[in-house]
Amino acid sequence: MTPRRVTFNRQISPRPIGLHLWLAATVTTSSLSGLTALRNGWPGWKDADARALRADIKTVDFGELAATVRRQSSLDFTRFLQGVTAYRAHPYRREAVQAECIARYGTTRLQRFPAEGSAARPGPPVLLVPSLINRAYILDLLLDVSLARYLARAGVETFLIEWAHPEGAETDLTIADLLEARLKPAIEAVAAQWGRPAVAGYCMGGLLALALAVHLPQAVAGLAVLATPWDFHAERPEQARALAALTRTWFPALETLGCLPVDALQALFAINDPLAAFRKFQAFAQIDPESDDARRFVALEDWLNDGIALPLPIARQTMEDWYGENLTGRGEWSVGGRRIDPGMVTAPALAIIPDQDRIVPQGSAMALARHLPEAEIRVARTGHIGMMAGRRAERETWQPLLIWRDSLDD
């Protein structure tokens, strides 16, 4: 393994920068008008909290209150800009230790993290499958924040699928194509030399890992699904359908690109939590830039903004079949002509579900866990990204995954 510096252009981040600037400006400039509307009986907000707030407003000098709101709004927007500027100027650059690439399938790479120590730990190797829309290095973020290296240091032969931007004919790929031309050859390559692996899929990668376990049950020693959605209408079904309807209007214009671009994907995440960037960059503006917290924040932001475009057929499948029609939750999702039924998984299973996940609601992930025969279910006290790279990641995800893996037969 050799060290390398990873170049990333932060000047377009947080992505899409125009949307985040507009959201920040809108929430700060509308605060004063919202206060005035509230005092005058804001239509539609008539619950007990609203009545109590209106009563409180009548007890203070409205001019002074308005001046305070104006100052705070200006301060919030300034801090947001300061946080973005501090992030862009931060000296941290990811210095990755390039893992060994043992196979390539188009732009997809199969990386190996060799077991460390004098002897390999008893048990199967582990094959990690990340989401398609983010870089794989969330599982290898920093030398000291890396699920892949944690397993390797524990003596486990560890492998990581690394997706990349689709090129040329790859923009025509479907999920079935990924399964046949990428995941099946990868698991076969691992099994041929190191034995049947336990397959661990993160987020969207969990659905791909599930499809692999259904298609090749004899090749999978165990299946772990980590923050993996299944019932897309378990919580906020109207929002899922709205996202599908929105992207459906985009697809005709995207035909020439052949993919759903990174900024469009990031815009969809912003719809899920419009003020997430506004809040976190305000907080970052007040962090010591030389602290470990700042380094971890910048590393995570680089990863978040270094996304991967989705081939258009896969974008249609995910947005229409999953979010729009909820084929997974209804038990009607198929890949390559075979229905993907979690109940068909014969391998031992593990489901780790964060309890603070804003990307994959707990009810959506729990629906999959309950359909896996005799799955071990763990609720992690963390969020979607925190379960992999947060301060609780080792305790809530890495250790339980290793313990579960140790329980499997080779």
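Me: Let's start with Q111: which strand is Q111 in?
Reply: Q111 sits in strand 4, which covers residues 108-113. Keep in mind as we go that this is a predicted model.

Me: What does the side chain of Q111 pair up with?
Reply: With the side chain of E162: the two are joined by a polar contact of 3.4 Å.

Me: Okay, now a loop. Where does I138 lie?
Reply: I138 is in the loop that runs between strand 5 (126-129) and helix 4 (147-153).

Me: Which residues does I138 touch?
Reply: Leaving out residues up to four places away in sequence, I138 touches Y202, L300, W303, I385, M388 and A389. For a sense of distance, I138 and A148 are ten residues apart along the chain, and their C-alpha atoms are separated by 9.6 Å.

Me: How do I read a pair of helices? At what angle do helix 9 and helix 10 cross?
Reply: Compare their axes. Helix 9 (residues 276-284) and helix 10 (residues 292-305) have axes that come within 11 Å and cross at roughly 150°. Since angles over 145 degrees count that way, helix 9 is therefore roughly antiparallel to helix 10. The crossing is left-handed, too.

Me: Which residues meet there?
Reply: From helix 9 you have K280, F281 and F284, and they meet A294, F297, V298, E301 and L304 of helix 10. Sorted by class, that contact has six nonpolar, no polar and two charged residues.

Me: What should I know about the sides of a helix?
Reply: An α-helix has 3.6 residues a turn, so residues three or four places apart point the same way. Now try helix 11 (residues 312-324): its buried residues include I314, A315, T318, M319 and W322.

Me: Which elements do the buried residues of helix 11 pack against?
Reply: Among them are helix 5 (175-194), helix 6 (204-215), helix 7 (237-254) and helix 8 (262-272). Helix 8 has buried residues as well, including V262, L265 and Q266, and the buried residues of helix 8 pack against helix 1 (17-39) and helix 10, among others.

Me: What comes after helix 11?
Reply: N326 follows, and its phi is positive, near 55°.

Note on methods
Residues numbered from 1 in each chain as written. Predicted model: local features only at pLDDT ≥ 70, side-chain atom pairs only at ≥ 80, totals over all residues. Heavy atoms only, no water. Helix = DSSP H or I, 4+ residues; strand = E, 2+ residues; numbered from the N terminus. Contact = heavy atoms within 4.5 Å. Axes fitted to C-alpha atoms, helices over the stretch in contact; angles between N-to-C directions. Parallel < 35°, antiparallel > 145°, perpendicular 65-115°, else oblique. Left-handed = near helix turned anticlockwise from the far one by under 90°. Nonpolar A, V, L, I, M, F, W, Y, C, P; charged D, E, K, R; others polar. Buried < 20%, exposed > 50% of the residue type's maximum accessible area, 1.4 Å probe, protein only. Polar contact = N/O pair within 3.5 Å; in protein donor to acceptor, adjacent residues only side chain to side chain.
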